[in-house]
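Please review the following briefing alongside the sequence and the model. It is arranged by topic.

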2 protein chains.
Amino acid sequence: MPFPDSEPQAAPTLSAVADLAGVSAITVSRVVRVPELVAPQTRARVEAAMRELGYVPNQIAGSLAGARTKSVGVLVPTIANSIFADTVQGLSDELEPLGYAVILAQSRYDAAREDRVLSALLSRRPEAIIMVGSPATEDGARLLRRAGIPVVETWELPPEPIDAVAGFDNYAAGVAVAQHLVAQRRQNFAFIGGDDPRATRRWNGFRDTLREAGAAAPRRLVLDRNASGSVVALAELPGVDAVFAANDAHAIGFMSGLRKAGLLRNGPAREQPVAVIGLGDLEMGRLISPSLSTIRVHGDAIGRTAARLVLTHEGPRRVDLGFELVLRDSG
Amino acid sequence: MPFPDSEPQAAPTLSAVADLAGVSAITVSRVVRVPELVAPQTRARVEAAMRELGYVPNQIAGSLAGARTKSVGVLVPTIANSIFADTVQGLSDELEPLGYAVILAQSRYDAAREDRVLSALLSRRPEAIIMVGSPATEDGARLLRRAGIPVVETWELPPEPIDAVAGFDNYAAGVAVAQHLVAQRRQNFAFIGGDDPRATRRWNGFRDTLREAGAAAPRRLVLDRNASGSVVALAELPGVDAVFAANDAHAIGFMSGLRKAGLLRNGPAREQPVAVIGLGDLEMGRLISPSLSTIRVHGDAIGRTAARLVLTHEGPRRVDLGFELVLRDSG
DNA sequence: TCCGCCAATGATAGCGCTGTCATTCCGGAT
DNA sequence: ATCCGGAATGACAGCGCTATCATTGGCGGA
């Protein structure tokens, strides 16, 4: 039974290994961290001792003594069904080979929880923090500034970042979609999705561009964070003929509503009674029919870039990974 | 600039706070961990001092001294586009309020990497390990057994688990799908998807049941881990009229291939030239047309249950969260 | 009055490692 | 023979906290 109370046998320590190998503790430590400093035969003896005892170094102690935790804190709004998972995967793939641990926390779009988990993260002394977006509160921002570690804000391009940035221009994404829809001669616009900072920025770009183009003012429908909510969104948007969804899940949900209403064609975009553009470029969007037009963003690259930003202080501290308008059949 | 080199100002320590508040270090420690042991006015003074200095407790030091890291290691094959994200979210939601940190690692379905990250996780002295599946190698299993901490294997029901289990019967899922498809009078069966242990167990249940039913031996097509690979799977499966996909993404990809081939109807299951059953019950499956029949599993509940299993030693150490065959229009 | 008890606070000794500064030993240069 | 330098190893202190065991002072009961 692998339980502390049933087998209180403590994990072997560095000095247990040292005793067995007949060397000092520091030599064992060197075998673990800088083996080339130890003579081959000594090293072999130590390695044998480690294997015999099943020694697993205690990084907690190492971190305290060495002031390097080899960990980064990662804060996302949510990880399930979320494009942020790509970012977490990307940064984790980049960081793991270097021996960094990823401490993952979710804010669930809740400012109070964000502040709580931020200080919980910080109490583990990560060497850097990577987060989606910017801190929701000034308290959170202060906490991060005082921490004295690299902080990467992602999925946005905040004008006054705490430190580094890896993201794209959400406003410009809204602009691009609006321009495309105007060029398509659509008349009656709506934006559906959440009301988090990034979605709001997309909405702003969308709305401003339509206004400048002299189009009718678009409507904005704030929906739950799951796609199913958007299935019935159509009922709230009479007369709409062009919809920008804050993400692909909402877009697909909305299309499902359109299908029920008989407003979906299998033909190309111009035959669609209602144009739908998503954001995220989920694989699903390519597979459904009609295929989903969308803003493709680079979640994985954002994660990898963020990882590189925390590993080096050189080079630009603000990386714009961009986006692309991918036109398929839905709009 | 929040960089160590530009502002070498070290983080304030417990005793810095103690000095400022005019108490001993241990009293500050108590204010942080067991405030009710400290007189209200002392507590107030200490809290003021903490605020003034922006004190963030150092959990690394605390863990070393107290032998409680308040962290759990979580190992998943992959987190992007993955139903395992639900499980991570579930356990994280359960664990975070209790002050536990989630250290996340990915194996990417690679046994060597799994062993590496397992020992990296263990070196951080988590209080428990939660992983999808069982260790791929005997080395990994030994590592976990020797660690002397709770280990929860999930998404499966291994006959001889290391410790605890929260999952469902993948074999039975294959059986259920096969029985349904046989009852539908399908003739020509195939299984598509990955070849990881869980997918293989589903395949075994599927194949065995078809064999017992006297049906033609099913084919098995091993595909890449992304849905797009399954779009062209049809070409490899001439004459097939019933497909069980190891997960919904593959199912939807395959349906996309069927659509191109003109083999998808908008009507109910019996009108489909080729029946398709997925696994996972992604939201998308409900939204597409025809809607996807699938095995619903409870990824979130698996995560929450796993979290509870690591928090208590009481009660059953093996929880079967079950699954349900959800019949919609695809098969 | 004295004792005992509890609430509040403190002193001390590590936790398991690593940074820093020795120390030892040896071969080759002088 | 002497000295020097580098390779290999070790001693020691201390990272920032907590477990454990005092210590203090006040109060009610015998």
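pLDDT is the predictor's confidence in each residue, on a scale from 0 to 100, and two residues are in contact if their C-beta atoms, placed from the backbone, lie within 7 Å. This is a predicted model, in which local features need pLDDT of at least 70 and side-chain atom pairs count only at pLDDT 80 or more, while totals for chains, interfaces and linings use all residues. Residues are numbered from 1 along each chain as its sequence is written, and chains are lettered from A and ligands numbered from 1 in the order in which they are written.

**Confidence**

- Chain A has a mean pLDDT of 93, and 97% of its residues reach 70 or more.
- Over residues 1-7 of chain A, pLDDT stays under 50, and the model has 14 contacts beyond four places in sequence for this stretch.

**Surfaces near the DNA strands**

- A residue is near a strand if its C-beta atom, placed from the backbone, lies within 6 Å of it.
- DNA strand C is surrounded by 24 residues, the closest being Leu14(A), Ser29(A), Gly62(A), Ala65(A) and Gly66(A).
- DNA strand D is surrounded by 25 residues, the closest being Leu14(B), Ser29(B), Gly62(B), Ala65(B) and Gly66(B).
- Helices (H or I, at least four residues) and strands (E, at least two) are DSSP runs, numbered from the N terminus.
- For DNA strand D, α2 (25-33) and α4 (59-66) of chain A and α2 (25-33) and α4 (59-66) of chain B each supply at least two residues of the nearby surface.
- For DNA strand C, the largest share of the nearby surface, 5 residues, comes from α4(A).
- With Ala, Val, Leu, Ile, Met, Phe, Trp, Tyr, Cys and Pro counted as nonpolar, Asp, Glu, Lys and Arg as charged, and the others, Gly among them, as polar, the surface near DNA strand C has 15 nonpolar, 8 polar and 1 charged residues.
- The surface near DNA strand D comprises 16 nonpolar, 8 polar and 1 charged residues.

**Sheet and helices**

- An open sheet of mixed pairing is formed by 12 strands in the order β11(A)-β5(A)-β4(A)-β3(A)-β1(A)-β2(A)-β2(B)-β1(B)-β3(B)-β4(B)-β5(B)-β11(B), where two strands pair if DSSP finds at least two bridges between them.
- Its edge strands are β11 (318-320) of chain A and β11 (318-320) of chain B, each pairing on one side only.
- Strands β4 (residues 151-154) and β5 (residues 164-167) of chain A pair in the parallel sense over 3 bridges, and Glu153(A) has Val165(A) in β5(A) as its bridge partner.
- Helix α12 (residues 299-311) of chain A lies across β1 (71-76), β3 (128-132), β4, β5 and β11 of chain A, and runs at about 165° to β5(A); axes are lines fitted to C-alpha atoms, for helices over the stretch in contact, and angles run from 0 to 180 degrees between N-to-C directions.
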